[in-house]
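Good morning, everyone, and thank you for making the time. I would like to walk through one model, with the definitions given as we go.

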Amino acid sequence: MQKHLFLGVEAIGQGAIDGGMSGVYAYPGTPSTEITEFIQENELAEQRNIHRQWSANEKTAYEAALGMSYAGKRAMVCMKHVGLNVAADAFVNSAMTGINGGLIVTVADDPSMHSSQNEQDSRFYGRFAMVPVLEPSNQQEAYDMARNGFQLSEKAGVPVMLRITTRMAHSRAGIIRKDVLEENQLRLPHDPKQFILLPAIARRRYNLLLQSQDAFLQMSEESEYNKYLDGPDKSLGIVACGISFNYLMECFDGQCPYPVVKVSQYPLPAKMIKRLRLECNQLLVLEEGAPLVEEMLKGFFDESSIIKGRLDNTLPRAGELNPDLVAKALGLEVQSGMPVPEVVANRPPALCQGCGHQDVYRAMNEALAEYGRGRVFSDIGCYTLGALPPYETISTCVDMGASITMAKGAADAGLIPAVAVIGDSTFAHSGITGLLDAVNEKANMTIVISDNESVSMTGGQDSSAYGKIETICQGVGVDPAHIHVIIPLRKNHEEMVELFRKELAYEGISVIIPRRECIQRASRRKRNKA
Amino acid sequence: MKADIILAGVGGQGILSIAAILGVAALENDLYLKQAETHGMSQRGGAVVSHLRISDKPIASDLIPMGNADLILSVEPMESLRYLPYLSPLGYVVTNTTPFVNIPNYPEVDKVMNEIRSLPRFVAIDADQIAKETGNSKVSNVVMLGAASPFIDLDFEKIEDGIRSIFARKGEEMVELNLKALRAGRKFAEENR
Ligand SMILES: Cc1ncc(C[n+]2csc(CCOP(=O)(O)OP(=O)(O)O)c2C)c(N)n1
């Protein structure tokens, strides 16, 4: 049988296409981005005309996917873990409305924060919304879950979460494809009121969701992804969730002497876990992310130290797992090679040589010198690297869109000047509504929209505000006399400093848009042309 | 057969092109493969690493356990030292000697080279120079793969086949150029191991 060498994210993209998906909806975010990119470049997706354009943010993406499900077709929505914070309102309420066509929400968590602000564990959201959660242990399962997840969602009547982590997303292995399923036909929901969450209907829907919990549990007990693997040594039983199962198997060359419950579908398969507890003296919980399962097993009153894991320091409380940490937790010897020599210096990421954000920060630093530090609120994107030397221009990076709104709050408090630096895609994602607040209250602030005409941090996707930024600002009510576009180049340095000086001194809202295409995107464009 | 390889470099240097050639070679020989990559923020000029595991038996972990790598293949000298805790006591370090300096505190190159020369088993190769001599400075990564090939338990012909299938759509000339680079790297390693 032919094997395909797929990253976990590519396996999910292929699985979704093969599962009869009619649309993928997403906003980029590491480590989830390549799912959508894979589908965008896939031939079958093109033949079938599967929806695969980027959305403005995760909430718009989620709602569009829910709309496609309402219309009877299968849809997937993809995002990184913090994206689900943005889409949480839609997600939690879609568990109440339920679905029509199968709906999978694929969420990619980033334990150890390789490319993220935090390492929140999306399984909490799945539990919160009370929907089934799938967590593959390998790339083949990732493919199978994406392909079969639509049917599971249709059977359960609710969206299904597919939770992966960075390692699963960005690791490659050979996978075997299965038959390609047909897409669903257009078909309105059987119950015309299903999606109207007015209190009277919402209460009915909530009861249905509560009543469905037993069925979801039953699905987990019978799931092909969950397994009870017996072992001769009952001194320890192991609960291994998702990818941690692989690290466990690595430690024993595939032959674990202890009984193991492999968990790849939630709610937790209670019968298997109870059996493990009955048969073994102690339990070790291996899970990527937060100690969610461990806390559930321990409860509030258990101080018996029977349950080992991240809460009793058998494993570190934070950060991703690896085979060495798991080996240590099992009391096995870890062989380390030679230590890292002292000459090795850290090599943090940096802005590319020739990037326009650099020119923006150079000019801002000069113009801001007379006011002192601590007045620039920023956001998430390549330009966040302006926090590091040699620039050190910005003082905040919290969540997408927070630059404009935090600068406004600080301006309200009397900070002068209050400056926001935001990227073009971040502005489209969640900057516009904050700007509206600022305009309505005539806040005294300067907003820099550093426009590289690209979503660069995640690999150069199309930015949804492309060519529309000035019009948006005017439409929201910014005085056109204080909207400026400038080209961030070294030769324009003096002119930029002058412009910043003038607008920093202006009492009111100014928007400065330094605009020059991302150099990575420009060179990719040239290469593709050649 | 088993090969646990750490590929190291700096974001933008294209270490994944090396992994891709080995990946094809492994898959076309019905071997198992797992390969964990670095995507995301570090690709902006940060340190990047890929764990590449090839075996004739199923592979459990996507990450190589510490002290188990048979080979560290680095396209940059300082980066070759960053992952030494992963190297097995019998493992080789094969590294390019051309530094990629994008940080103000990059150590003196001599100090880096001294550390490399004090390793029990290493090959230090100026892949950029050899690539130029081969005819194109862009094939330095393939020179590096060639230099590492004596330490990877895969038939050399299979790696050559990998090159053929990866570069086929770019034309016969590209295939030949890369094969030449591969062989030049291998020759250097065999003479300087
Ligand atoms: C809610 C949320 N979604 C997605 C991301 C991932 N993300 C981080 S930066 C970024 C791109 C920002 O693009 P832009 O504002 O245009 O700045 P650039 O990187 O191009 O400089 C994205 C999508 C995130 N951190 N948070």
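Let me begin with the second largest pocket, whose lining takes at least three residues from each of domain 1 (3–175 + 189–211) and domain 2 (227–302) of chain A, the domain bounds coming from an automatic or database domain assignment. This is a predicted model, in which local features need pLDDT of at least 70 and side-chain atom pairs count only at pLDDT 80 or more, while totals for chains, interfaces and linings use all residues. Residues are numbered from 1 along each chain as its sequence is written, chains are lettered from A and ligands numbered from 1 in the order in which they are written, and side-chain values use heavy atoms, with hydrogens and water left out.

On a 1 Å grid over the protein atoms alone, a pocket is an open set of points with protein on both sides within 12 Å along at least five of seven lines, a cavity is a set where a 1.4 Å probe fits but cannot get out, and lining residues have an atom within 4 Å of a point. Grid points are joined across faces, edges and corners, and a volume is the space filled by probe spheres set on the points. On that basis the second largest pocket has a volume of about 1200 Å³, and of its 46 lining residues, Glu250(A), Lys57(B), Pro58(B), Ile59(B) and Ala60(B) lie nearest the centre. The largest share of that lining, 5 residues, is from α11(A), where helices (H or I, at least four residues) and strands (E, at least two) are DSSP runs numbered from the N terminus.

His39(B), Met41(B) and Arg44(B) supply 20% of the area that chain B buries against chain A, more than any other three residues.

A salt bridge here is a side-chain nitrogen of Lys or Arg within 4 Å of a carboxyl oxygen of Asp or Glu, and there are 4 of them between chain B and chain A. One of the salt bridges in the model pairs Glu37(B) with Arg172(A), with the closest N and O atoms 2.7 Å apart.

Finally, some backbone geometry. Most residues other than glycine have a negative phi, and most peptide bonds are trans. The peptide bond from Tyr266(A) to Pro267(A), however, is cis, with omega near 5°, and Pro389(A) to Pro390(A) is also cis, with omega near 5°. Met113(A), although not a glycine, has a positive phi of about 50°.

Key
Buried area is the accessible area (1.4 Å probe) that two parts lose on being put together, summed over both.
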